[in-house]
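Colleague: I would like to learn how to read a structural model feature by feature, starting from the general idea each time and then turning to the case at hand. Could we do that together?

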Amino acid sequence: RAPIAGTVADVSGMAGTQTSGGGNSNPSATTSTSTSSGSGASSSGFVTLTGLKGMQLVASFAETDTAKLRVGQAATVTVDALPSTELAAHVIAIAGTATSSSGVVTYPVTFALDRSESGLKPGMSANVDVVVGEADNVLHVPTAAVNGSGSNATVTVLRNGQQVRVSVVAGLAGDSSTAILSGLTNGESVVLPSVSFSTSGGT
């Protein structure tokens with residue numbers, strides 16, 4: 001009899017194998033019933049149970065992004081195996097110790113899923129987006145069009161066929177757009193920076 005309720009994730013034994021009783025009933029550990037063979041050999045896991053409720057996700061964030069995170073912030077999780085499903089989650093822990101790989105410093109952040117989802121299994125790959133700031137009903141432009149930040153920001157606009165750089169006050173900056181608090185009016189044409197590529201070797 002299993003010590004807790006769960007979903008069978010692995011069965012290491014075979015039908016007909018004689019085993020003796022025994023097990024690990026500590027629910028705080030990875031739960032499995034431990035049995036030994038009929039010959040009295042050392043114990044090994046026979047059935048592994050997995051709890052599919054209260055699942056968590058651990059994701060690594062760059063140090064600059066980690067500074068913006070706080071416990072309780074809302075997040076959206078997408079799972080590679082369930083591409084059409086978005087799961088609500090929230091930050092429950094931010095590691096105080098960093099990990100470094102190839103000179104890139106990251107911090108593990110733990111998220112709790114707000115609800116379970118059919119088909120979701122432990123070990124699946126996932127992506128997470130965290131809401132670190134929000135501004136509603138504001139004028140915004142592509143982030144790539146803004147130079148500087150705050151009251152020292154500028155944006156290039158198209159006026160009478162000419163490109164004119166104007167001073168603006170930039171607000172909340174997101175991955176794709178930045179709020180403009182003053183300096184622009186709705187409907188103006190904003191000029192995005194151009195990118196040039198050089199070729200060599202006839203390619």
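What follows is a conversation about the model shown above.

Colleague: What kind of model is this, and how are its residues numbered?

Modeller: This is a predicted model, in which local features need pLDDT of at least 70 and side-chain atom pairs count only at pLDDT 80 or more, while totals for chains, interfaces and linings use all residues. Residues are numbered from 1 along each chain as its sequence is written, and side-chain values use heavy atoms, with hydrogens and water left out.

Colleague: How many helices and strands are there in the protein?

Modeller: Helices (H or I, at least four residues) and strands (E, at least two) are DSSP runs, numbered from the N terminus. Here the protein has one helix and 15 strands. Contact means heavy atoms within 4.5 Å, and among contacts between residues at least 6 apart in sequence, 55% join residues at least 24 apart.

Colleague: What share of the protein is buried, and which residues touch the most other members of the largest nonpolar core?

Modeller: Buried means under 20% relative accessible area, exposed over 50%, and partly exposed in between, with a 1.4 Å probe and protein chains only. By that rule, buried residues make up 23% of the 203 residues. A nonpolar core is a set of buried Ala, Val, Leu, Ile, Met, Phe, Trp, Tyr and Cys residues joined through side-chain atoms within 4.5 Å. The largest one has 17 residues, of which Phe61, Val77, Phe111, Leu113, Leu120 and Val128 touch the most other members. At least two residues of this core come from each of strands S4 (56–62), S5 (74–79), S6 (82–94) and S8 (104–113), and S6 gives the largest share, four residues.

Colleague: Which residues is Phe111 in contact with, beyond its neighbours in sequence?

Modeller: Leaving aside neighbours within four places in sequence, Phe111 is in contact with Met55, Gln56, Leu57, Ala59, Phe61, Ala75, Ala89, His90, Val91, Ile92, Val128 and Val130. Apart from this core lies another, of 10 residues, including Val146, Ala153, Val157 and Ile180.

Colleague: How many salt bridges does a search of the whole structure find?

Modeller: Side chains of opposite charge can pair when their charged atoms come close. The rule applied here asks for a side-chain nitrogen of Lys or Arg within 4 Å of a carboxyl oxygen of Asp or Glu, and the search finds two such salt bridges. In one of them, the side chains of Arg115 and Glu117 meet at 2.6 Å, N to O; Arg115 is partly exposed at 42% relative accessibility, and Glu117 is partly exposed at 25%. Arg159 forms a salt bridge with Glu188, with the closest N and O atoms 2.8 Å apart. This pair links distant parts of the chain, 29 residues apart, with Arg159 in strand S12 (residues 153–159) and Glu188 in the loop between strand S14 (177–182) and strand S15 (189–190).

Colleague: What lines the largest pocket, and how much space lies in it?

Modeller: On a 1 Å grid over the protein atoms alone, a pocket is an open set of points where a 1.4 Å probe fits, with protein on both sides within 12 Å along at least five of seven lines, and lining residues have an atom within 4 Å of a point. Grid points are joined across faces, edges and corners, and the volume is the space filled by probe spheres set on the points. In this model the largest pocket holds about 650 Å³ of space. Its lining has 22 residues, of which Val132, Gly133, Ala173, Gly174 and Asp175 lie nearest its centre. Strand S9 (126–130), strand S13 (162–173) and S14 each supply at least two residues of that lining.

Colleague: Where are Ser102 and Asn160, the residues with a positive phi?

Modeller: Ser102, which is not a glycine, has a positive phi near 55 degrees, and its place is in the loop between strand S7 (99–101) and S8. Asn160, also not a glycine, has a positive phi of about 55 degrees and is found in the loop between S12 and S13. Ser102 is exposed, with a relative accessible area of 78%, and Asn160 counts as exposed at 81%.
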